[in-house]
Amino acid sequence: MDRAALPLTSEQMIQASRHQTDLYDGDYHFYQLQCGIHIHGGSLRARSNVTCRRMAKPYIAFVLLIEGTLRFGIGSDYHEISAQGQGQAVLINLSKEALFTRFLSQGEKLTKLTLNGLEQWLPKNTANLPSNAVQHWALSPTLKRLAKQWVSQPFTNDLAGNTHALQILNTCWETYRQELDRDESTCPTKIRIKELGLIDELERVYANGASNIDDIADALHISRRTLQRRVQDALGIPLQQWLLATKMQQAMEYLASGEMTIGEVAYHIGYRHPSNFIHAFKQHFGITPATVIQKHSQQHFSHLH
């Protein structure tokens, strides 16, 4: 993006929707339904440029874009999809872990509804979904009506609310199958995954204590150069970027738990000096570790009272 952007994790984005008003204006909500669907949506207008990044596990999601432009990255692939008046239905089929980045543009209004959870009704290794990471097509009048109804009315996590969500998800799937049969209006973009087992191996050796590139290469019995090339091919990002994102995500979880000091978190993710960790954390997220601890402590205190 052209201008400097405020970086956030997905968790911070969720917290911002619930507690903060300085990031964007509007009404946006996140829900985990009893039927197993994760759904979030509403309208918002960012007060500044915002990036939201995370290492995303494999998932399938439908995004119903009613207004504005959806901007996001998968690995090094960048996608920009505009509602174009009629609206767009977007299918994101992430088959392997990848760095996922969302962008919000200052002053632009975005209205959308996102549904996760389709995979629980699909057989494993299903052939019903192509390997394209992202596809989109014009939003049907029925889907647009259902999505606008959801974002405009208060949601209740009861039988009626869950039935409504399942109706939307089922309509998304049926509409997608029709679009696939017609083989038109889709926009394929393949995520570059050439070695499907590599990310699992990276996570395994990292969990076992390999916290830098040399240690990971030794644990996998390959050269540093070969490892970096394979990760670049598989994820579309440098190994150092994957390692940093993994460490920072782990650090955020430790800090949010309230069970470790900043020094202990720094040590656990491989930093010898807390000052270096604090600098890296602030560069990555735009806030300090102390701010994270303070915010979660306040939230914990408010729950007790």
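1. Let me start with a helix pair: α4 and α7 are oblique to each other, oblique being what remains when angles under 35 degrees count as roughly parallel, over 145 as roughly antiparallel and 65 to 115 as roughly perpendicular. The axes of α4 (residues 198–207) and α7 (residues 239–257) come within 12 Å and cross at roughly 55°. Axes here are lines fitted to C-alpha atoms, for helices over the stretch in contact, and angles run from 0 to 180 degrees between N-to-C directions. The crossing of α4 and α7 is right-handed; that word applies if the near helix is turned clockwise from the far one by less than a right angle, and left-handed if anticlockwise. On the α4 side the contact is made by L202, E203 and Y206, and on the α7 side by L239, W242, L243, T246, K247 and Q250, where contact means heavy atoms within 4.5 Å. These residues divide into 5 nonpolar, 2 polar and 2 charged. For the classes, Ala, Val, Leu, Ile, Met, Phe, Trp, Tyr, Cys and Pro are nonpolar, Asp, Glu, Lys and Arg are charged, and the others, Gly among them, are polar.

2. A word on what you are looking at. This is a predicted model, in which local features need pLDDT of at least 70 and side-chain atom pairs count only at pLDDT 80 or more, while totals for chains, interfaces and linings use all residues. Residues are numbered from 1 along each chain as its sequence is written, and side-chain values use heavy atoms, with hydrogens and water left out.

3. Now the overall picture. The protein chain has 10 helices and 11 strands; these are DSSP runs numbered from the N terminus, helices being H or I with at least four residues and strands E with at least two. Of its 305 residues, 47% count as buried, with buried meaning under 20% relative accessible area, exposed over 50% and partly exposed in between (1.4 Å probe, protein chains only). Among contacts in the chain with a separation of 6 or more, 74% come from residues 24 or more positions apart. The accessible surface is about 15700 Å², and 49% of that belongs to carbon and sulfur atoms; the areas come from the Shrake-Rupley method with a 1.4 Å probe, and for residues, only the protein chains shown count as cover.

4. Back to α7, which also meets α9 (residues 274–285): their axes come within 11 Å and cross at roughly 100°. That angle is why α7 and α9 are described as roughly perpendicular to each other. From α7 the contact takes L244, A245, M248, Q249, A251, M252 and L255, and from α9 it takes F277, A280, F281, H284 and F285. By class this contact has 10 nonpolar, 2 polar and no charged residues.

5. Helix α4 has another partner too. α4 and α5 pack at an angle of about 110°, with their axes 10 Å apart, and are therefore roughly perpendicular to each other. Their crossing is right-handed. E201, L202, R204 and V205 in α4 meet I216, A219 and L220 in α5, and these residues divide into 5 nonpolar, no polar and 2 charged.

6. Two residues in strands are worth a look. L113 sits in strand β10 (residues 109–116) and is buried, with a relative accessible area of 0%. Leaving aside neighbours within four places in sequence, the contacts of L113 include I39, F62, L64, W150 and I168. R71, in strand β6 (residues 69–74), is also buried, at a relative accessible area of 14%. Not counting residues up to four places away in sequence, R71 touches Y78, H79, E80, T101, R102, F103, S105 and E108.

7. K144 is found in helix α2 (residues 141–152) and, at 21% relative accessibility, counts as partly exposed. Beyond residues up to four places away in sequence, K144 touches I66, G85, Q86 and L139. The C-alpha atoms of K144 and Q86 are separated by 8.4 Å, though the two are 58 residues apart along the chain.

8. Finally, a backbone check. Most residues other than glycine have a negative phi. Q84, not a glycine, has a positive phi of about 55°; it lies in the loop between β7 (77–82) and β8 (88–94) and is exposed at 59% relative accessibility. H221 has a positive phi near 60°, lies in the loop between α5 (213–220) and α6 (224–235), and is exposed at 73% relative accessibility.
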